[in-house]
Structure formats: structure tokens, C-alpha cells
Amino acid sequence: MMKTLKKIGSQVIVLTGATSGVGLITARKAAVLGAKLVLVARGEDALHKLAEELREHGTEVITVTADVGKHEDVAQIAQSAIERFGGFDTWVNNAGVTIFGRHDDVPLEDHRRLFETNYWGVVHGSLAAVAHLRQNGGAIINMGSESCDCPLPLQSSYVASQHAIKGFTDTLRLELEQEKAPVSVTLIKAAGLDTPIVTHAKNFLHVEPKQASPLYDPSMAAEAILFAAEHPRRDLFVGASAKAFSAAAYYAPHTFDRFMRRFMGRAQQTDMPAGPRDDNTLHAAGNSLVERTGDRRALKSCPYTASTRHPILTTALVVGASAAMAALMRHRRG
């Protein structure tokens, strides 16, 4: 069945992880475009502050304080959207956390908690969305990362959750296509973004962690989400390095592993001693409305990311990016 999606200004959008990083930017951009919003996060105070901000500019918005790792909480999100707006058109699964540390240094309870948010949050949200959209049509957009396709040392739980998100999302899309449901399912694969994800992370390293370069402005991811809400796409890469890493991991896995083994461990570590381990949002909510950390390395634009809306140009840039990544790995190996 043909998937016809509404313009953002005519949509009701459910957005999880709405009070930080990509989710916060997406909420503000969608509000400017006239969308009605169902904002979801664990932090009640931050949700209320954001809702008040958006209402001052005329946006119709409701908030739902929920832990996406709990099925009953997510069911309440859908019910609240239906009661207030009569339904929804797009559901964005954006909530996510990470942990820094070697696989055997991270307690099993923390591995599981991360999966509750990252993977089960996507599953719970997608199933709630499908139950409504199967009859009414619309879009499900799952926020992933470049780690959907490649390994990353010191973040084993996060990488595993991203692979799981990809597997579930791709299978969900396939099954909905089999039944000809009018639902677009998009996976966003983002490179490193200048969001508070590191400051929110639980850290088992002896030093403070950081994201490896290159970094991109998170507004690119927000724009990709809103584009997918209007235009059916299978997946969208945000940041040329995300596509290059994916291609290199697929076409040259052994070379890529050597590159990651040699450089990516130290690229995620600073020289600063680690702060208090309990200062994280793995198990508890954060309540600050922060879009970016202000990292000066973050790139404000990316021709490849802009080109993903134009398939022919994208193909040309992918070939160039993959060749550049292969050349870089050969250079560093030499």
C-alpha cells in the first residue's frame, strides 16, 4: 500500500527522549513548523518547562512522564495521544543512553538497564505505534547510530543495543510491507553528535570519556527525523562518517577492525580523571534542557547528510566517502 505522509504542520508527533539533545531540538523545530506534540521523557520538571516554552509560541502540546523501558508506561503514551488529539501521525523512538567501560567492567544490571531504554524502548514504542498506525497510516522513526553497522570499543552494551534496534526495525518494516500496512518505518543512523550523551553516560573508565571525531551538530539528526516524518525512507545516515564507517565495516571488516582497535579506544578518552560514577542518567532521569555541549569539533553542516534526500547524489557521495575512509585506514596502517 502506498504510504502517504502528511506535512509536519498537519501532524501529531509523539517524541520520546524529548528533553535533551536530538529530541529537544526536534521538538522545537517541529513546533515551529506547526506540529501538535506529545512529549515524553522521564524527567517531569524538564518536560513541563519545555511544554510551557512551546505553548507560549502557540504550540498544542501534552507531556507524558514515562520510562520507555516499561511497557505499561508506553501504552499510556499512546492512550494520552488518542485521548487528547484523537491519535497521532508519527512516532519517534529517540530515548537512549550509553555506558563507557570494558565489557567485563560493567555490571550485568547496567547492561540490562541500557537495553531496557535503548532496545526495549524502541520495541515498546514501535508496537504501540503500529497498533494505531496500521489502520490510520503514518510513520515510525527509530533513532539509531553508526554503531548499528559496526563495532565500537568501550561501549559494548550500546553497540549491542544498536545492532538489536536495526534488526528489529528492519524486520518490523518487512512484516508491515508484507501485510501492505500504510506505515513508513525509518531507521536513522547518526554519526557522533554534539549532544549531552557523554555527560549523561555511566562511566567505568579511569578518565572522563568523550566522543571520537568527527562530531556533527545534532540539528542534522533532528532535520533527518522531520524529513522522514514527511517522506518514506528505509534509513537515513546523518554525517558522512556514519556512512563511511558502515561501508568500511561491511566491505573491509578486518581492516576496519584493525583501525578501530588501534585508534578508537584512546579517541574516546580524555586526560581528565573520572568524575563520580553515580553522576549519570542510566537509572534516573535528568531534568536539564540541554541541546548541545558546545564541542568546538562539531561540524555545522555536511553535504552528504543534505544529499540523503536526493538518491542519485547520495550514491556519488557514498562512493567518495567510502574511498576516503579506505584511504585513511591504509594511511594509518602504514
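About 40 Å³ of space lies in the second largest cavity, one of 3 cavities of 30 Å³ or more. This is a predicted model, where local features need pLDDT of at least 70, side-chain atom pairs count only at pLDDT 80 or more, and totals for chains, interfaces and linings use all residues. Residues are numbered from 1 along each chain as its sequence is written, and side-chain values use heavy atoms, with hydrogens and water left out.

A cavity here is a set of points on a 1 Å grid over the protein atoms alone where a 1.4 Å probe fits but cannot get out, and lining residues have an atom within 4 Å of a point. For the second largest cavity, those residues are Met220, Ala224, Phe227, Leu236, Thr305, Thr308 and Arg309. Domain 1 (8-301) and domain 2 (302-333) each give at least three residues to this lining; the domain bounds come from an automatic or database domain assignment.

Now for the rings. The structure holds 9 aromatic pairs, meaning Phe, Tyr or Trp (six-membered) rings with centres within 6.5 Å; planes under 30 degrees apart count as stacked, over 60 as edge-to-face and the rest as tilted. Here are two of them:

| Pair | Centres apart | Planes | Type |
|---|---|---|---|
| Phe245 and Phe256 | 5.5 Å | 80° | edge-to-face |
| Tyr250 and Tyr251 | 4.9 Å | 85° | edge-to-face |

Phe245 is buried at 7% relative accessible area, and Phe256 is buried at 0%. Tyr250, at 64%, counts as exposed, and Tyr251 is exposed at 68%. Buried means under 20%, exposed over 50%, and partly exposed in between (1.4 Å probe, protein chains only).

Key: 1 Å grid on protein atoms, 1.4 Å probe; cavity = no way out; pocket = protein on both sides within 12 Å on 5 of 7 lines; lining within 4 Å. Points joined across faces, edges and corners; volume = space filled by probe spheres on them.
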